[in-house]
Amino acid sequence: APSDLILQVENIEVIYNKAVQALRGLSLSVPRGQVVTLLGSNGAGKSTTLKAISGLLGLENGELTAGKILLDGQDISRMKPHELVRAGLFHIMEGRRIFEDLTVEENLTAATFALSGRGLARTPFELVYDYFPRLAERRNQRAGYMSGGEQQMLAIGRALIAQPKLILLDEPSLGLSPILVEEIFTIISRINRQTGVSMLLVEQNANVAMAVAHYGYIMETGKIQLNGPTSRLIEDQDVREFYLGHG
Ligand code: ATP
């Protein structure tokens with residue numbers, strides 16, 4: 001039977017360079033159609049968690065040594081990154097990995113190549129331009145010449161093109177002005193509500209993340225310390241003091 005959980009991470013452990021243990025039995029889940037945020041201080045293991053899910057640990061000499069990861073009920077723990085894209089996962093990495101020498105539209109086109117065989121009816125550029133009119137205006141501009149905010153929009157647009165079941169978002173607010181952060185998160189929220197795509201969001205900016213997410217996990221040194229609906233977490237005294245910056 002189809003699970004109501006799009007992602008289940010069960011007790012995973014990750015070791016880098018056969019020496020440094022970054023995750024120590026971490027478990028979390030993402031209900032279908034929801035935005036879940038993963039918070040924690042520097043070095044807690046947030047990016048490592050996303051890389052474990054999207055199969056990218058190998059690139060950094062990291063290894064999943066225990067536990068299990070299910071995407072829509074299917075065990076993906078041993079899948080390669082390109083197989084995961086076809087399975088419906090899209091990871092927007094920290095630092096917005098786009099092709100700087102390609103135009104906006106070429107970047108969007110490139111996002112479809114990995115998907116050949118999944119039978120997308122047509123390339124939904126218009127869907128992306130509807131969410132990000134600014135990308136439509138700049139469709140023939142080289143991506144490397146755009147502002148940080150526009151590049152982040154393009155990175156999210158590439159995920160939309162892939163029409164995944166789950167988007168992993170690593171620090172979309174990184175390096176952006178408060179106004180742009182506000183704008184990007186408003187759009188992230190709208191994309192979730194209108195397309196129903198599920199999201200796992202890693203953020204340093206806990207205030208904005210809590211505002212868009214339905215549910216939150218807080219991790220420290222490789223495992224979850226606290227979790228709950230964001231409406232409840234923002235009332236928690238420790239969370240307010242240590243993560244939201246007001247007591
Ligand atoms: P930040 O917000 O600073 O990125 P984070 O919560 O995402 O922090 P990770 O980047 O996942 O944390 O790092 C978790 C732990 O794993 C840290 O102790 C870090 O030093 C270690 N680590 C991360 N990447 C590597 C790597 N490629 N090789 C060795 N150790 C690593």
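Q: Which helices and strands each supply at least two residues of the lining of the largest pocket?
A: Rolling a probe the size of a water molecule over the atoms shows where empty space is left. In this predicted model, helix H2 (81-87), strand S6 (89-92), helix H3 (104-113) and helix H6 (148-162) each supply at least two lining residues. Helices (H or I, at least four residues) and strands (E, at least two) are DSSP runs, numbered from the N terminus. A pocket is an open set of points on a 1 Å grid over the protein atoms alone, where a 1.4 Å probe fits, with protein on both sides within 12 Å along at least five of seven lines; lining residues have an atom within 4 Å of a point.

Q: What volume does the largest pocket have?
A: About 530 Å³, the space filled by probe spheres set on the points. Of its 20 lining residues, the closest to the centre are Val85, Phe90, His91, Met93 and Arg158. The lining has 14 nonpolar, 3 polar and 3 charged residues.

Q: How do the axes of H3 and H6 cross?
A: Two packed helices are described by the angle between their axes and the distance between the axes. Here the axes of H3 and H6 come within 8 Å and cross at roughly 35° (lines fitted to C-alpha atoms over the stretch in contact, angles from 0 to 180 degrees between N-to-C directions).

Q: Which residues of H3 and H6 meet?
A: Contact means heavy atoms within 4.5 Å. From H3, Val104, Asn107, Leu108, Ala110, Ala111 and Thr112 meet Leu154, Gly157, Arg158 and Ile161 of H6.

Q: What should I know about the numbering and the model?
A: Residues are numbered from 1 along each chain as its sequence is written. Local features need pLDDT of at least 70, side-chain atom pairs count only at pLDDT 80 or more, totals for chains, interfaces and linings use all residues, and side-chain values use heavy atoms, without hydrogens and water.

Methods: Ala, Val, Leu, Ile, Met, Phe, Trp, Tyr, Cys and Pro count as nonpolar, Asp, Glu, Lys and Arg as charged, and the others, Gly among them, as polar.
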